[in-house]
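Subject: Handover of a structure

Hello,

Please find below the structure I said I would pass on.

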Amino acid sequence: MAAGDAALKRTLDAVRSRCDVAARRASDPVGFVHGYADPLDQELVALLASSIAFGNVKTIRAKLGDALRRLGPSPRLAADDALLVFQRLDGWVHRVFRGEDLARLLIGARRLQRAHGSLGARFEDDLAKGGSLREALARFTTAIRDAGGLGSSPGSALRRGPAHLLPDPRGASGSKRLLLFLRWMVRPADGVDLGLWSGVAPAVLLCPVDTHIHKLSRNLGLTRRADLSWETAEEITRGLARFDPADPVKYDFSLCHLGMLQRCPSRRDASRCEGCGVMPVCRHWSRAPAKAVRAGEPKPRNMPRGPAARGARVERVSARAVRR
Ligand code: SF4
């Protein structure tokens, strides 16, 4: 392995081992999935949680918590009664999604569970039919949509919610939320991911690319692509597979949460980059002036100068100290 790759692998492994899994899980939508004991409930809650996971994470958790409270202790049992699900989710709204969209997603997924034994068994069948992960995922999501009537009910074509809740992976987006759902279900249980779908190899997974992973991946040289497309997910995953071809996506959770904590600026910023675990291999710092590196105190070239800028930096550092 080249020296640069070895340094990157060491850094990624260190970020992963230092991640406070319990604390980070508690602030992530996946934390709700761990609140259920039955794997069939876990599958359904994971699908709901990942499907609404875009935007502010606190809002996502609040909306998800509200939906799950409405559904009661077992979403699986609630979903067996379609009318009841519609009643319980009536009035629930999150961004472009309405309670009726969530109800159709849940009812469709539950019908697949009953037909195949579990969502995992159905997805294994979709993979076994051949073709790419993308095609298998497209078959899987189409089956859920059809079973629940998601996107085919009267008036649904007039709103973005039904199509956006469970997108078609053959479309232009990177299907981050679907890939996140797969990661939770497939990767071995590690306190975050659940390892429920042991018949699917983690090697087939792709990294769910949100803005945090995208920024970090560009900063670490895993991709130069500027979009959040499926192709970008493939390129980032290929980069990570150099370090663990059997489980390349294992770095996703710790990296994503590092990006969230650092509010990665994707440029040299002494206060926001302070304490960032990947700074030694970040392209914005690894090319720091030799003198500054020797002194152990990087001097960013593009930092604002002058008294006002110094005051702003002091304020930002103080604010971070208070938050800790
Ligand atoms: S060192 Fe700064 S720019 Fe680089 S990844 Fe970390 S937070 Fe982002």
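I start with one residue and its neighbours. Leaving out residues up to four places away in sequence, Leu216 touches Leu255, Gly259, Cys264 and Val278. Two residues are in contact here if their C-beta atoms, placed from the backbone, lie within 7 Å.

Before going further, note how the structure was made and numbered. This is a predicted model, in which local features need pLDDT of at least 70 and side-chain atom pairs count only at pLDDT 80 or more, while totals for chains, interfaces and linings use all residues. Residues are numbered from 1 along each chain as its sequence is written.

**Overall**

The protein has 18 helices and two strands. These elements are DSSP runs, numbered from the N terminus: helices are H or I with at least four residues, and strands are E with at least two. Of the 324 residues in the protein, 41% are buried. A residue is buried if 20 or more other C-beta atoms lie within 10 Å of its own, exposed if 12 or fewer, and partly exposed in between, with the C-beta atoms placed from the backbone. Among contacts with a separation of 6 or more, 63% are between residues 24 or more positions apart.

Leu216 is found in helix α13. Leu216 is buried because 23 other C-beta atoms lie within 10 Å. The C-alpha atom of Leu216 is 8.7 Å from that of Val278, although the two are 62 residues apart along the chain.

Leu255 lies in helix α15. Leu255 has 25 C-beta neighbours inside 10 Å, so it counts as buried. Apart from neighbours within four places in sequence, Leu255 is in contact with Val15, Ile213 and Leu216.

How do the two helices pack? Two packed helices are described by the angle between their axes and the distance between the axes. Helix α13 (residues 211–219) and helix α15 (residues 252–262) meet at an angle of about 95°, with their axes 8 Å apart. Axes are lines fitted to C-alpha atoms, for helices over the stretch in contact, and angles run from 0 to 180 degrees between N-to-C directions. The pair is therefore roughly perpendicular; angles of 65 to 115 degrees get that word, under 35 is roughly parallel, over 145 is roughly antiparallel, and the rest are oblique. His212, Ile213, Lys215 and Leu216 of α13 make the contact with Asp252, Leu255, Cys256, Gly259 and Met260 of α15. By class, this contact has five nonpolar, two polar and two charged residues. Ala, Val, Leu, Ile, Met, Phe, Trp, Tyr, Cys and Pro count as nonpolar, Asp, Glu, Lys and Arg as charged, and the others, Gly among them, as polar.

**Helix α10**

Helix α10 (residues 133–148) has 16 residues and reaches 23 Å from its first C-alpha to its last, close to the 22 Å expected at 1.5 Å a residue. The expected span is 1.5 Å times one less than the number of residues. Buried residues of α10 include Ala136, Leu137, Phe140 and Ile144. The cover over the buried residues of α10 includes α8 (99–116), α9 (119–128) and α12 (176–186). Gly149 follows α10 and has a positive phi, near 75°.

Arg95 has a positive phi of about 55° although it is not a glycine. Arg95 lies in the loop between β1 (93–94) and β2 (97–98), and it counts as partly exposed because it has 14 C-beta neighbours inside 10 Å. Arg263 is not a glycine either, and its phi is positive, near 50°. Arg263 is found in the loop between α15 and α16, and with 12 C-beta neighbours inside 10 Å it counts as exposed.

Regards
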